[in-house]
Amino acid sequence: MRRFDTFALVLACLLTLSACGSKTGRQDSPQTQSPTQDSGENVTVYDCGGLEVALPSEYLDLLRVDTDFPGSSESWKPLISVYEKASYEAAEQDFGGGGGFLFGFLVMDQAAFEQHISSDGSGLEIFATDGEHYYAYTHPTDVQFYRSGGEISTESEDWKMWEKLNETGPQVREDFLSRNGLQSFSAQDVTSQITADGESHVCVRYYPYYAKDEDTRIYYQLLLCQPARQGEGGLWAVDQWLDEYGNQYLYFPDSGKPAAEYYAELQEECDTGKHPERLIPTGAAMTFVKDYFGHETTAGSFCEEARGIDWDYMERNEQLSQIALSLLFDQDLDQRAMLECVGAATEDNWGVLGRNMYGSDWFTPLIDALADAAVGEPQQWRDSMILSCLLATCNAQTDFRTPLDKILQAQVAADPTAFTTALTELSEEDQTYIRMNSGIFE
């Protein structure tokens, strides 16, 4: 399971890049200029705010090239956008725009970079830095080829030329990197260097449905660190969080400033007595949830988890969800893997499945699959998995007991000795519950 780095390390890496990178002399406001022909390289060079972008001259008549972007922010600036001219003009005529985009470049500062790596970021790949700014290669996430009428023939000469034009993008990107003396860079190098651990983080569980119905089965795990000062008096802040399936999300405050600068200023305010809630993890978690999710919470919505991150909880949720979906769509499943997952699932895991798949008929296929897998070798192990499932679902809103009783009866009939052994391996409390509540002993 992939785990993100600590906030402190992210900042350290970014600050190191800022200190050691080379400068390019990029101007702050790109201006549209006529391209300068470089016949020796068979390229046409565009000056994009002090940076050079070289496009193959042989295709220039087929391209629309934009280098002027009025109204762009200081934090996030396009440098150049390249389109196939025919698609651009056809879409412009038919729809008022929206076609032919091939690729482009943009530049962002530290604050914009942090927002990018904490978001989806599709269609944008950061690939270079000058030590102060970050440079991204932009590309469409769908096919932008268009001709009036909307028909696309992949055998046409137009389409074949479209494919050639798309192949130029990566080549122009590599040339842009070397031509401007930039340093190669990958955002993944920053966001995957170290595992979040108990030494640098405090884990606070957030129950998103607690304020509504006191449900604690679904919870997010908020990971907090002290970004400005360690120890007593240092403010706490969420730098990443994990949902119930283990999907991980970095977080940087969207303040228009780099996170390090923002938290340094916030720490100074805390030192004067402001924001006392941020000096404890649960208080900082409550502030984060209100700002990030917009949820109303109560004190019971949070629990500081001394044991740290519960990776098993998230992994079981993911596995159980995949099993239910596979059965729902009649996909083949390994019986042993399914029984292992069902036997290990806790009351919380079943609660997550029931709540997140509400409205779909996942229950019947699951019970049918358990009935098919209940008898076989090793029988005692299979009995143990079904017994564990019965215990974990005893408080479920869905009636597991009735169909599981029938499955347990089939197991008893198949091998009474194996079933008795499986039952006696449980705790006295669990044995008593099953004997009193299961139909197999009536």
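1. Helices (DSSP runs of H or I, at least four residues) and strands (E, at least two) are numbered here from the N terminus. By that convention the protein has 16 helices and 14 strands. The model is predicted, with local features needing pLDDT of at least 70 and side-chain atom pairs counting only at pLDDT 80 or more, while totals for chains, interfaces and linings use all residues. Residues are numbered from 1 along each chain as its sequence is written, and side-chain values use heavy atoms, with hydrogens and water left out.

2. On the overall fold, 47% of the 442 residues are buried, where buried means under 20% relative accessible area (1.4 Å probe, protein chains only). Of the contacts (heavy atoms within 4.5 Å) between residues at least 6 apart in sequence, 65% join residues at least 24 apart. The protein exposes about 21900 Å², by the Shrake-Rupley method with a 1.4 Å probe, and carbon and sulfur atoms supply 46% of that area.

3. Helix H2, residues 85–95, has Ser 87, Tyr 88, Ala 90 and Ala 91 as its buried residues. An α-helix has 3.6 residues a turn, so residues three or four places apart point the same way. The cover over the buried residues of H2 includes strand S4 (63–66), strand S5 (76–84) and helix H4 (157–179). Just after H2, Gly 96 takes a positive phi of about 85 degrees.

4. The structure holds one cavity of 30 Å³ or more, a cavity being a set of points on a 1 Å grid over the protein atoms alone where a 1.4 Å probe fits but cannot get out. About 40 Å³ of space lies in the largest cavity, a volume being the space filled by probe spheres set on grid points joined across faces, edges and corners. Its lining residues (those with an atom within 4 Å of a point) are Leu 55, Pro 56, Tyr 59, Leu 63, Val 82, Phe 103, Leu 165, Thr 168 and Val 172. Strand S3 (51–56) and H4 are the elements that give two or more residues to this lining, and the largest share, three residues, comes from H4.

5. By class, the lining of the largest cavity has eight nonpolar residues, one polar and no charged; Ala, Val, Leu, Ile, Met, Phe, Trp, Tyr, Cys and Pro count as nonpolar, Asp, Glu, Lys and Arg as charged, and the others, Gly among them, as polar.

6. The second largest pocket (an open set of grid points with protein on both sides within 12 Å along at least five of seven lines) has a volume of about 340 Å³. Of its 18 lining residues, Arg 217, Gly 354, Arg 355, Gln 397 and Thr 398 lie nearest its centre. Helix H11, residues 347–356, gives the most to this lining, with five residues, and the classes there are seven nonpolar, eight polar and three charged.

How values were computed:
Buried means under 20% relative accessible area, exposed over 50%, partly exposed in between (1.4 Å probe, protein chains only).
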